[in-house]
Amino acid sequence: MSSTTPAVEMKDIVIRFPGVLANDHVNLTLRQGEIHALLGENGAGKSTLMNALAGLYKPVSGTTKVNGELVDFNSPKDAIAKGIGMVHQHFKLVPTHTVTENILLGMDEPRFLMNLKKYDEKILELEEQYGLYVDPAAKIWQLPVGAQQRVEILKTLYRGAEILIMDEPTAVLAPQEIDDLMVTMRSMTDQGKSIIFISHKLHEVIAVADRVTVLRKGIVTAHGKSLEGLTKRNLAQLMVGRDVVFSVEKEEREAGDVVLEMKDVYAKNNKGLPALQGISLRVHSGEILGIAGVGGNGQSELAETITGLRECEGLIEINGEEISNQPPIEAIARGVSHIPEDRTTVGSAPSLSITDNMIMKNYNQEPIGNGWSINFARAGEHAQKLKEKYNILAPNVRTPAGKLSGGNLQKLILAREISSYPRLMVAMQPTRGLDVGAIEAIQSLLLEQRQSGTAILLISEELDELLSLSDRIAVISDGKIVGAVLAEDADINEIGLMMTGGTDD
Amino acid sequence: MNFTIILHAGVATGTVLLFAAIGEIFTERSGILNLGVEGMMLLGAMAGFSISLATESPWLGVLVAMLAGGALSLAHGVVTIHFQADQVVSGLSLTFLGTGLALVLGEGLTGQTPPLLLDYNIPLLSSIPVIGPALFQDHGILVYVGYLAAPLAWYYINKTRPGMHLRAVGQKPSAADSVGVNVYGIRYIYTFVGGCLAGLAGAIISLSVSPGWYSSQTTSGQGWIAIALVIFAQWNPMRAALGGYLFGMLRRLILDLQGPRILLGFANPLYINSNYSFFLIMTPYVLTIIALIFGSRAVAKKRAGSPSALGLPYVRGERGK
Ligand SMILES: Nc1ncnc2c1ncn2[C@@H]1O[C@H](COP(=O)(O)OP(=O)(O)O)[C@@H](O)[C@H]1O
Ligand SMILES: [Mg+2]
């Protein structure tokens, strides 16, 4: 194998799902020892292509060569045997197994008895070699996402992977962790490994990759381009197919009266452990308060206590009326609306139609219902009106909500919540996993709401989003608010440091 | 009432529950819920009984009983693993199928006397006072095997490579699949193992513990109790064994309490007469429900044993798995 033989050469790959051509004659060439970015919007077909390279999906047609040798994978085992390892977008870890057990899963050694102690040692050695530290005896569910990702990387390294596929590895990380990951990636290529790095964040691609392949709707729009001389704007155009506005315009606005007031709120998470440890905050009308933090530091619980979905201790008031520990209907009656973290199971009922999902909050109010029956003709008109106003792409209002793409589903939820004229909107990760176009749309809707005087609590892990939308930013860590700043004089590094629990001194 | 007698009987009947429950633990740990235990047990009881009658070999009967239970469970496997049908519906149908087959094929077996499994004493151990005669005397070999089965099953599940793969497939099949573990294969194997052990449990009833063929009364709902025991035991074979033995003792205790007219100087409220016997027979099942309520609570509280993919068919590439 000469050093000029590409590590991977995929040619004319076609992969179909029912009704979707996910990869349409895709070519990809990974050179030895490079970091190759695979860029594309959500649904462009990046994960699909890489799942084929990892042996999980079988292409309808096309050829794949690994180190110059033609391969045809029937199972992930075949791909692993050729030195290919994949860190999946949604981690493939067994939560109740230990780190070591997860790494050993599917291996031929040990043959029968586990002897975990001995293997814990081996894994510690591997951790030393790459600077990826995590306790081998810890159970996965006890670990933060960053550590889980290190386990995924260790899993591929333990199998002797020479070619690493990382599917949106940065999506779950805080800024400092992203920097660490990039250092790790560099140290892996220095040790001779080749990496395919999937992302839809342009600055990361520019920061770390040598070359880039861009996918748009299953088609390659740039094949192995060198990143030299490419700007963010060029890349965005290749990815989206049109010019993109990078930040939404925010108008000046004076904040009004206090709408949400929380005082010393404590709550437990699903495991019964303390999740909120004395949260106090205020959101005024016409103001967006951003909550920054690494996932799992109490954000979900914060949103749930305000919307009545979780019990808590302490005081929560909306316009001076107490709503803590009241059922969600009380919060709704006082004008609290909720954009939940989980669009598909909490935010909507996927098997019900768009209409049913639209009227979920006002089905029993005139003109749609009278408390006993629902006027479906009016409900349909209502849904149709909102569908047009919010530009929701779907065949018609009878389409099940589960058939909508992420962006359109989120628009549906926003349409429903905004049309109830909220005083407070609790938005949790409203743009997570959406593509550039949809993010623009959702962010503009939130700013419109702010303009019309709604108080907005915006919980997000995207610092860029928080900085461009919020008036103030509070940082949550370990269930406590550890700092608050005005968005205009916020420093991204300082916030990042607070998020990870570090301090300046 | 004599403690040794109650313990002796409890261990014998408990062995039936132990094998059935351990079998179901294996199946459920792989993510497959098989509610057909009662049907597989009854078919096993019938097969063991009739094969022993025909061949004069009770051990051949035991073997065929296991294969019969196993074969029936494979039907459940094909329907739920391959065709991804609803596991509850398929399992319930399996109960009907197994019960029906056993009743039809067992026609005319009542009152027959095939050779039974013999009882043995364990030297030395049986001379320990009180528990010796209860645990190590006059039991079938399978009772003694049962003593070893629970710790061995526990060790296998928690400390061996195939056990770790089994747990992974039941907890997160997509993770197992992504590293080349054969999810379907493993689910088939343990569904089959569960069926075999249910068949074995049936044969233990009809050839050893309460010998004979009494149509559907032969198992009288013990398959359902075994399923409840799995939840109560939080998918832990050791707890399942303990629960099985306790349950067996309880049944015997209730039987004993039905005898005397006077109990502790009062008229015995449990004294057997035609009016009260319903309630007495009901007791074990009521206790099952109570045990289930407390057991499920404990499961919900801790992340105890419960396989999170239980009851969910696995399809590669489907979101959220
Ligand atoms: N298992 C699947 N079944 C059906 N459609 C799928 C499946 N996986 C992906 N798709 C579709 O294929 C397209 C590409 O998806 P994916 O590869 O996940 O995109 P990306 O990783 O670039 O966001 C999308 O339209 C998606 O809806
Ligand atoms: Mg993807």
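Colleague: Let's start with a proline. Where does Pro367(A) sit?
Modeller: Pro367(A) is in the loop between α12 (354–358) and α13 (376–389) of chain A. Helices (DSSP runs of H or I, at least four residues) and strands (runs of E, at least two) are numbered from the N terminus.

Colleague: How should I read those names and values?
Modeller: Residues count from 1 along each chain as its sequence is written, while chains are lettered from A and ligands numbered from 1 in the order in which they are written. This is a predicted model, where local features need pLDDT of at least 70, side-chain atom pairs count only at pLDDT 80 or more, and totals for chains, interfaces and linings use all residues; side-chain values use heavy atoms, with hydrogens and water left out.

Colleague: Back to Pro367(A). What kind of peptide bond joins Glu366(A) to it?
Modeller: A cis one, with omega about 0°. The bond from Glu109(A) to Pro110(A) is cis too, with omega near -10°. Pro110(A) lies in the loop between α3 (99–104) and α4 (116–130) of chain A. Most peptide bonds are trans, and most residues other than glycine have a negative phi.

Colleague: Which value makes Asn67(A) worth a look?
Modeller: Its phi is near 50°, which is positive, and Asn67(A) isn't a glycine. You'll find Asn67(A) in the loop between β4 (61–66) and β5 of chain A.

Colleague: Why do Glu101(A) and Arg167(B) count as a salt bridge?
Modeller: The rule wants a side-chain nitrogen of Lys or Arg within 4 Å of a carboxyl oxygen of Asp or Glu. Here N to O is 2.8 Å, so the pair qualifies. The rule finds 1 salt bridge across the interface of chain B and chain A.

Colleague: And what about Lys82(A) and Glu69(A)?
Modeller: Their closest N and O atoms are 3.4 Å apart, and they form a salt bridge as well. Lys82(A) is in the loop between α2 (76–81) and β6 (84–87) of chain A, and Glu69(A) is in strand β5 (residues 69–71), so the pair links distant parts of the chain, 13 residues apart.

Colleague: How much area is buried between chain B and chain A?
Modeller: About 2200 Å², with carbon and sulfur atoms giving 61%. That's the accessible area (1.4 Å probe) that two parts lose on being put together, summed over both. In contact (heavy atoms within 4.5 Å) are 23 residues of chain B and 29 residues of chain A.

Colleague: What makes α10(B) and α11(B) oblique to each other?
Modeller: Helix α10 (residues 222–232) and helix α11 (residues 237–257) of chain B pack at about 135°, with axes 9 Å apart. Axes are lines fitted to C-alpha atoms, for helices over the stretch in contact, and angles run from 0 to 180 degrees between N-to-C directions. Under 35 degrees is roughly parallel, over 145 roughly antiparallel, 65 to 115 roughly perpendicular, and the rest oblique. So α10(B) and α11(B) are oblique.

Colleague: What about α1(B) and α10(B)?
Modeller: Helix α1 (residues 3–29) of chain B and α10(B) pack at about 55°, their axes 8 Å apart, so α1(B) is oblique to α10(B). Residues making the contact include Val16(B) of α1(B) and Leu229(B) of α10(B).
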